[in-house]
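Here are my notes on this entry. Please read them with the model open.

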Amino acid sequence: MSTPSKTPSVISAKPRLVVLLGDPGGVGPEMAVKLLARQRNLDAARVLLIADPLVLAAGERVAGVKLDALRIDSLDSLRFEDGRPSLLACDWMAGSEAVLGESNEASGRASFEALELATLVVRRGQADAIVFAPLNKHSLRLGGLVHEDELRYMQERFAVKGFVCEFNLTGSLWTSRVTSHIPLKDVASHITLEGVQDAVKIIASALRRAGVAHPRIAVTGLNPHAGDGGSIGMEEIEIIAPAIAQLRAEGHDARGPFSPDTVFIGARRGDVDAVVSMYHDQGQIAMKLMGFEQGVTLHGGLPVPVATSASGSAFDIAGQGVAQIEGLQQAFDLCVRMASGAPAAAATAQGAGEAVTAAAG
């Protein structure tokens, strides 16, 4: 084992990232191991890996890599060495190997508790960003998640009162959406003037933080042909267009509403920096067709960057060693870029006072 770094000033400017293995039954563990086996990532950031030791060992076997991690006993003794991850091992699986290729309570509980601990690290002011390998929402719910998704859970954990939204990135193109993980039959009733404005403002703010000085944002309509002048729906006339007009009056470069079936043609060409869609699949289908393996999901509106790959837990190929990690690499790079030079979120009074006794497994 290498000795602790004698030059803390060399690593003090690097952002501190928490990395999670994702769903134990999917491709997440092998993806995270491959990510942390790339030395350039460990040179770019100080990494705290939070993992069940059996799940980590399984990921290492599939990836064909053994990580040289610095074991720590608890968050109270958290320290970093330059060029290697620190590891907090937690026995969430109770000594049982994960079942690959399926959702189950054990995997969901391990994923959920890892996410809970990662948010605590941020609340204690010990991390500047979170990167997690693909989770599985069904497993999370079996394991205890009662929120719409992990974003809404983290919103509560961080006591965020405002609008939050998943961003999806492919290359330099970003998307956000007014509604997310709700049934399609409920979408129209959730399209509001405030919702459209919030979705534009939140992605404009994130783009500026990521280095885009003057974000250009296209807004889709809800209906086919953006309502076709009211003949296929009135949401564009009554809600979306007035929201865009007000945004422009406030200085935002918001454009539209555009027909959902053509807006991504110009976006892919580079006409805009982001597209705000009205519901999940309206933007997701286009983005994943343009670059599924390189896609990134960024959770917007939280106090620190939280990102993952857009590709999912991929139960069908779990354990085969063929999962691509470029989306997760892009997520890692984005978090490094957004967190560099930014102070960690201040620990809340509750978060600062929480005792952490997670022992190394």
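**Pockets, sheet and a helix pair**

1. About 210 Å³ of space lies in the second largest pocket. The model is a predicted one. The pocket's lining has 15 residues, and L169, G171, S172, W174 and R337 lie nearest its centre.

2. Which element gives the largest share of that lining? Helix 12 does, with 4 residues. Helix 12 (326-339) and strand 6 each supply at least two. By class, the lining of the second largest pocket has 7 nonpolar, 5 polar and 3 charged residues.

3. The largest pocket holds about 280 Å³. Its lining counts 19 residues, with L135, K137, S309, A310 and G312 nearest the centre. Two or more residues each come from strand 6 (165-170), helix 11 (280-291), strand 11 (296-300) and strand 12 (306-309). Helix 11 gives the most, 3 residues. The lining of the largest pocket divides into 4 nonpolar, 11 polar and 4 charged residues.

4. Strand 7 (173-177) and strand 10 (274-277) pair in the parallel sense over 4 bridges. S176 stands opposite V276 of strand 10.

5. Helix 5 (105-123) packs on helix 7 (150-157) at about 35°, with the axes 10 Å apart. The crossing is right-handed. Residues in contact include F112 and L115 of helix 5 and Y153 and M154 of helix 7. The contact has 5 nonpolar, 1 polar and 4 charged residues.

Note on methods
Residues numbered from 1 in each chain as written. Predicted model: local features only at pLDDT ≥ 70, side-chain atom pairs only at ≥ 80, totals over all residues. Heavy atoms only, no water. Pairing = 2+ DSSP bridges. Axes fitted to C-alpha atoms, helices over the stretch in contact; angles between N-to-C directions. Left-handed = near helix turned anticlockwise from the far one by under 90°. Contact = heavy atoms within 4.5 Å. Nonpolar A, V, L, I, M, F, W, Y, C, P; charged D, E, K, R; others polar. 1 Å grid on protein atoms, 1.4 Å probe; cavity = no way out; pocket = protein on both sides within 12 Å on 5 of 7 lines; lining within 4 Å. Points joined across faces, edges and corners; volume = space filled by probe spheres on them.
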